[in-house]
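Let's take a friendly walk through this model, looking at a loop residue, then a sheet, and then another loop residue. Keep the sequence and the 3D view side by side as you read.

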Amino acid sequence: MAERTIPATQNEENQIVKREVTREPESYITPVTDIYEEDNGLYMMVDLPGVEKDGLKLSVEEDILTIEGHVAQPENKEYLIREYEPSNYYRQFELSEAVDQENINAELKNGVLNVFLPRAKAVQPRTIEVKFS
C-alpha cells in the first residue's frame, strides 16, 4: 500500500513540512496514521480528533482509499486567547490488488478511525493438504 496525500511543502530552512496548518476554514492537515499487518489483512489507526460521524468521509475509488474528516467549527465566540484552531483532515492511500476492497470496514471511536483492509482471497496464505496413496 502506498500513500498518496497532499504534497509536502518546505519551510524557510528547507525542512520538509508534512503538516500545513493554517487558519483558513477549508485548510487540511495530514492525519497521523499507524498501519500494521496481521495474517488476515492490514489495520490502520488514523487520528482524527474533533471529527464526528457526519464529518467523516471514507471512500475507495480506482484503487485509492481516501480519508476526509471535517471538524465542525465552533459558534462565533469572542475569545480572549485562542491557541487552538480546529482543522480538517485529508489523506489518500493507494491500494494493491492484495486488498479485498469490497470488504473494507471502519469504526470511528473517540477521535480514532480504525480501518480494516482484508486480504483478497487469492492472496491469503493457505495450507495445501497432501494425500498419500
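In this predicted model, Asp 63 has a relative accessibility of 40%. Because exposed requires over 50% and buried requires under 20%, Asp 63 counts as partly exposed. You will find Asp 63 in the loop between strand E7 (51-61) and strand E8 (64-71). Its backbone deserves a look too: Asp 63 is not a glycine, yet its phi is positive, at about 65 degrees.

Now turn to a sheet. Strands of a sheet pair through backbone hydrogen bonds, in either a parallel or an antiparallel sense. Here, four strands form an open sheet in the order E5-E6-E11-E10, and their pairing is antiparallel. Strand E5 (33-38) and strand E10 (105-109) are the edge strands, each pairing on one side only. On average, and with direction ignored, neighbouring strands of this sheet are turned by 15 degrees against each other.

Zoom in on the E10 end of that order. E10 pairs with strand E11 (residues 112-118) in the antiparallel sense, over five bridges.

Between E10 and E11 runs a loop, and Asn 110 lies in it. Is Asn 110 buried or exposed? With a relative accessible area of 73%, Asn 110 is exposed, because the cut-off for that class is over 50%. Asn 110 is not a glycine either, and its phi is positive, at about 55 degrees.

Technical notes
Residues are numbered from 1 along each chain as its sequence is written. This is a predicted model: local features need pLDDT of at least 70, side-chain atom pairs count only at pLDDT 80 or more; totals for chains, interfaces and linings use all residues. Side-chain values use heavy atoms; hydrogens and water are left out. Two strands pair if DSSP finds at least two bridges between them. Helices (H or I, at least four residues) and strands (E, at least two) are DSSP runs, numbered from the N terminus. Axes are lines fitted to C-alpha atoms, for helices over the stretch in contact, and angles run from 0 to 180 degrees between N-to-C directions. Buried means under 20% relative accessible area, exposed over 50%, partly exposed in between (1.4 Å probe, protein chains only).
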